[in-house]
Amino acid sequence: MRRRVVTAWAAYGALVLVGLVSVVVAAVNRVGTSSLGSSAGLTLGAVILGGGLLATVVVTGVWGLQNFRCRAALHRRYPDAEVLTARRDDFRDLIDVDALGIRYQDIPYFVGVVVDEDGISAWAGGDPGEAPRMLALLPWSELGPLERSATESALPRYVLRSEVDTGDGVVALQLSLSSAWSGGLLPQGYRTSGETLAALEAVRGRPASPRRQ
């Protein structure tokens, strides 16, 4: 499992790097053969490379800003809980949008996840002046065993899988946990996902507390 994930991501990274270098080389060659000379070509190449890196940083920050705020607010509210990032689609069959009075598409793509004595809950919100709102709570009594596996996609990622007994049936749960610093853009690695699983199992053994609102 680990070898398949590492190989796929290494190949993806190499492909992106080759593409970026090819663009820079093409730009350098194009300018170098013009009247501007080779020095201008090198300058343009450096600008393109720097611009690409800057754009990556900006997109990552903007895309993950709401999730950063949401997790920060949840950390303040539940300092003893494990606060993670997952995808809203991980909870698609468990979020009652009618009861919440919202549209599913209005939920951010990345949501905050709180894991404590109550169970696993999904949260959204956290913009300035707005407190995060709970979307779904999965009590430990309704959750089956958690296990780590890797998806079968072309670009696999580690996930935590379980089953939820909602009373109306059993729903499969797959948590696509992301690295905290990326705001959801990058998945957790082998070591981090293993540490997350261990942390969740440790929380599961704590005595239950009064349910939050």
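Read along the sequence, the protein follows the pattern α-α-β-α-β-β-β-β-β-β-α. That pattern holds four helices and seven strands; helices (H or I, at least four residues) and strands (E, at least two) are DSSP runs, numbered from the N terminus. This is a predicted model, in which local features need pLDDT of at least 70 and side-chain atom pairs count only at pLDDT 80 or more, while totals for chains, interfaces and linings use all residues. Residues are numbered from 1 along each chain as its sequence is written, and side-chain values use heavy atoms, with hydrogens and water left out.

**Overall figures**

- Of the 213 residues in the protein, 40% are buried; buried means under 20% relative accessible area, exposed over 50%, and partly exposed in between (1.4 Å probe, protein chains only).
- The accessible surface of the protein is about 12,000 Å², and 59% of this belongs to carbon and sulfur atoms. Accessible areas come from the Shrake-Rupley method with a 1.4 Å probe, and for residues only the protein chains shown count as cover.
- Among contacts in the protein with a separation of 6 or more, 56% are between residues 24 or more positions apart; contact means heavy atoms within 4.5 Å.

**The sheet of four strands**

- Four strands form an open sheet in the order β1-β2-β3-β4, with antiparallel pairing; two strands pair if DSSP finds at least two bridges between them.
- The edge strands are β1 and β4, each of which pairs on one side only.
- Neighbouring strands of this sheet are turned by 25 degrees against each other on average, direction ignored. Axes are lines fitted to C-alpha atoms, for helices over the stretch in contact, and angles run from 0 to 180 degrees between N-to-C directions.
- Six bridges join β1 and β2 in the antiparallel sense, and R87 stands opposite F110 in β2.
- β2 and β3 pair in the antiparallel sense over five bridges, with V114 opposite S121 in β3. A hairpin of two residues links β2 to β3.
- Strand β3 (residues 119-124) pairs with β4 in the antiparallel sense over six bridges. The bridge partner of A124 in β4 is R133.

- Strand β4 (residues 133-139) is mostly covered, with five of its seven residues buried.

**The sheet of three strands**

- An open sheet of three strands has the order β5-β6-β7, and its pairing is antiparallel.
- Its edge strands are β5 and β7 (170-175), and each pairs on one side only.
- Neighbouring strands here are turned by 35 degrees against each other on average, direction ignored.
- β5 and strand β6 (residues 158-165) run antiparallel and are joined by four bridges.
- S149 lies in strand β5 (residues 147-150), and its bridge partner in β6 is V159.
- S149 is buried, with a relative accessible area of 14%. The side chains of S149 and R161 are joined by a polar contact of 2.3 Å; a polar contact is a pair of N or O atoms within 3.5 Å, where within protein one must be able to donate a hydrogen and the other to accept it, and residues adjacent in sequence count only if both atoms are side-chain atoms.

**Helix α4 across the strands**

- Helix α4 (residues 190-204) lies across β5 and β6, at about 30 degrees to β6.
- α4 also lies across β1, β2 and β3, running at about 125 degrees to β1.

**Nonpolar cores**

- The largest nonpolar core has 30 residues, and those with the most contacts inside it are F91, I95, V115, I120, L135 and L173. A nonpolar core is a set of buried Ala, Val, Leu, Ile, Met, Phe, Trp, Tyr and Cys residues joined through side-chain atoms within 4.5 Å.
- The elements giving two or more residues to this core are β1 (82-87), α3 (97-100), β2 (110-116), β3, β4, β6, β7 and α4.
- A second, separate core of seven residues includes C70, A81, V114 and W123.
- Leaving aside its neighbours within four places in sequence, V115 is in contact with A81, E82, L84, I120, W140, L200 and V203.
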